[in-house]
Amino acid sequence: MEKVTVTIVSSQMPPPKIAKRMAASVGTVGEQMVVGRKISEVVEGKASYEKLIKEIFDRVLVGYSVQSVTLAPSGNTTLTVEVAPWGDVVQGVAVEYDFGNLSAEVVKLIKQDMGNVEEKVSDVLIGLPVDAVDWAGGLSKIATREMLSTQLPEFRANIEVIPGTHTLVKVSLSPIGTVVQDVHVSLRSETIPNILLAAARPTMDDTSKNLIGLPVAFLERHRDYFTTQLVSTVAEQPLAKKYGLQVTPRLNPGVDTEIALKVETDKYKVTLEGYLDMGRRQDNTSARLHFGKFIGKRDEAFVEVNFIPSTVAWEFVPGWGHKIGSSTTLGLKYDTKSAQDRLWLQQELKSNWALRLERTPKNGYNELGIRYKLHDFLSAEYIITKDDQWLRLIGNL
């Protein structure tokens, strides 16, 4: 004989995975007994082989009793094993999850990744004798872990099976690898005062806290999802709805995750800045309100109102700006106090750097400023003229 094929039969058939495992176990016993023997020899001792296989399998099989074993000797011998369950069988399976302190939104996303765990576990356990759940539970754990390791590789699944006619399977998840320990959120705008965005910050801070404790790899894999959630959170703010603000997000996952949200409007540009000049003797404190209206996508008509506390002077400077490309803006201002035109150019550089150049053709005055944004509400600019230079701290209100 060269091969043994096993068939499991029962009035209450075991789950397919369990039946397959039973067949493999019986097949191993049968092959050790008959493979390599002559067919005539097996036929002669058929009853003895059937009795021995029944006794061996009956001892090792938990939750079932072996009713009969039928051996059909041939070149490919078949073994038919009839089994019956002991007592009650599993009629239903419930899965209970423990996601720790993760937020409801994150749990929803994780469940989508996990797929139908209940179906996977039920395939193994439903129809199984309650007494067999302990040993068969290992199969359900293996099957569940294999599925989750593929669909949710950033978490380790810990599984506990509690037998009963309605078996309970407890699944708890623990992160694998580096996790998010802190989240830094910045809200920035070039077209509305940053102080107006302060109302949205508490909501953004609460949303960002949901990311703490997540594996960095999970955040990276679902970057688009979390980015969309952040945009939606800002878009729901009353200010965003009122002025039709557009949100451009940037999410950098890591142990210290960074979230940068650029909030702009394509209708108006309103900024309020306070200046403190260090190294300049006269008029070293001032404030500027810029109010502009966009005309099309590249042009802006505006007026700037400057207030100088030391002389209690007000300056009104209307102007126009035209954007070239995505980072260069040039234009013309008119200083009503001195009745002089002023040409200006602003160039956005990498990261938080910017360059500003202003020239007054009538008197030949040139001013170059190099600005660095230190914080959402604070910048520093080094200013150079022909005769002087100083450092300016700028409060971006």
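**View 1. Packing of helix α4 (residues 104-114) against helix α10 (residues 223-235) in the predicted model.** The two helices, α4 and α10, pack at an angle of about 150°, and their axes lie 12 Å apart. This angle makes α4 roughly antiparallel to α10 (under 35 degrees counts as roughly parallel, over 145 as roughly antiparallel, 65 to 115 as roughly perpendicular and the rest as oblique). Axes are lines fitted to C-alpha atoms, for helices over the stretch in contact, with angles running from 0 to 180 degrees between N-to-C directions. Helices (H or I, at least four residues) and strands (E, at least two) are DSSP runs numbered from the N terminus. Glu 105, Val 106 and Leu 109 of α4 meet Tyr 225, Phe 226 and Gln 229 of α10, contact meaning heavy atoms within 4.5 Å. The residues of this contact of α4 with α10 comprise four nonpolar, one polar and one charged (Ala, Val, Leu, Ile, Met, Phe, Trp, Tyr, Cys and Pro count as nonpolar, Asp, Glu, Lys and Arg as charged, and the others, Gly among them, as polar).

This is a predicted model, in which local features need pLDDT of at least 70 and side-chain atom pairs count only at pLDDT 80 or more, whereas totals for chains, interfaces and linings use all residues. Residues are numbered from 1 along each chain as its sequence is written, and side-chain values use heavy atoms, with hydrogens and water left out.

**View 2. Packing of helix α8 (residues 201-209) against α10.** Here α8 and α10 pack at an angle of about 155°, with axes 10 Å apart. That makes α8 roughly antiparallel to α10, and the crossing of α8 and α10 is right-handed. Thr 203, Met 204 and Thr 207 of α8 make the contact with Leu 230, Thr 233 and Val 234 of α10.

**View 3. Packing of α1 against helix α3 (residues 46-60).** The angle between α1 and α3 is about 140°, and their axes are 11 Å apart. The two helices, α1 and α3, are therefore oblique to each other, and α1 passes α3 in a right-handed crossing. Residues of α1 in this contact include Met 22, Val 26 and Val 29, and those of α3 include Tyr 49, Leu 52 and Phe 57. The contact of α1 with α3 divides into 10 nonpolar, two polar and no charged residues.

**View 4. The largest nonpolar core and Val 169.** The largest nonpolar core has 71 residues (a core is a set of buried Ala, Val, Leu, Ile, Met, Phe, Trp, Tyr and Cys residues joined through side-chain atoms within 4.5 Å). Buried means under 20% relative accessible area, exposed over 50%, and partly exposed in between (1.4 Å probe, protein chains only). Residues with the most contacts inside this core include Ile 110, Val 169 and Phe 226. Helix α1 (residues 16-34) gives the most to the core, with seven residues. Not counting residues up to four places away in sequence, Val 169 touches Val 93, Val 121 and Ile 159, among others.

**View 5. Val 90 in the loop between β3 (76-85) and β4 (92-98).** Val 90 is buried, with a relative accessible area of 1%. Leaving aside neighbours within four places in sequence, the contacts of Val 90 include Leu 125, Val 133 and Thr 167.

Methods. A crossing is left-handed if the near helix is turned anticlockwise from the far one by less than a right angle, and right-handed if clockwise.
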